[in-house]
Amino acid sequence: MTSAEIHLWRIALDAIPGERVAHCAELLDEGERARAAGYRFAGHRDRFVASHGAMRQILGAYTGVAPERIAYREHANRKPALAGPAAEGDIRFSLTHSEDLALLAVARGLEIGVDVERVRPMRDALSLARRFFAPEEMRDLLVAGDAAAQEAAFFRCWTRKEAVLKATGEGLHFPLSAFAVTLLPGEPVAVRWDLRTGDAPRAWALQSFEPAPDYVAALAYLGDTQPARWFDWPPVS
């Protein structure tokens, strides 16, 4: 993997056999196991175990470190990063999931963030947009079309904004209305403006995807790079 590449791994969580989920559980560290145990429903717990176990195996392949020995640390902004021997190759990553689909973005020496959502009816979509979106985004959402078109536009906007905040490590601690993205079909996928950087969008770039039927996703990264390359997990045995 070169510094100009981003790899996107598509992880079909509900398609992972039970024995593979059990193997994923064996790879987790104490903190991950405690988080998994906190899930009330077995299905949610299995999805967490599968996504984090898959991430360990994928990152292990990039770093040459055994999956169960992958270690993490957090930056001051709580953005996760590799630690110990796995950090020597400057591999960066971002994990996201929605229902039965997880995405893992991997790059070398490049700040990245990825977000995915299943497009679904939401009674409070417009109220959420009024609360969190920038004025231009709200305007575009209202003219996007019928209810289905507005739902798709809402999730395009939400995933693009989340991807940017995950790339910066700010998460939802920074107001979503402090920067604006495009969201209408046919528009270039981009950050319009960003108050955090003196109204300039810096070098943040965006890509938008439909990784599976009824899902929308976005990838944010700092700098120039090639379009993301897609891979699927689990590997075919």
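Phenylalanine 154 and phenylalanine 155 are both buried, where buried means under 20% relative accessible area, exposed over 50% and partly exposed in between, with a 1.4 Å probe and protein chains only. This is a predicted model, in which local features need pLDDT of at least 70 and side-chain atom pairs count only at pLDDT 80 or more, while totals for chains, interfaces and linings use all residues. Residues are numbered from 1 along each chain as its sequence is written, and side-chain values use heavy atoms, with hydrogens and water left out.

**Ring pairs**
- The structure holds nine aromatic pairs, a pair being rings of Phe, Tyr or Trp (its six-membered ring) with centres within 6.5 Å, stacked if the planes are under 30 degrees apart, edge-to-face if over 60 and tilted otherwise.
- Phenylalanine 154 and phenylalanine 155 have ring centres 5.2 Å apart and planes at 85 degrees, so this pair is edge-to-face.
- Phenylalanine 154 also forms a stacked pair with tryptophan 158, at 5.9 Å centre to centre and 20 degrees between the planes.
- Ring pairs link Phe132, Phe133, Phe154, Phe155 and Trp158 into a cluster.

- Phenylalanine 154 is buried, with a relative accessible area of 3%, and tryptophan 158 counts as buried at 14% relative accessibility.

**Charges over rings**
- Lysine 161 lies over the face of phenylalanine 179, at 4.4 Å from the ring centre, a charge being over a ring if NZ of Lys or CZ of Arg is within 6 Å of the ring centre and within 35 degrees of the ring normal.
- Arginine 20 lies over the face of tryptophan 233, at 5.7 Å from the ring centre.
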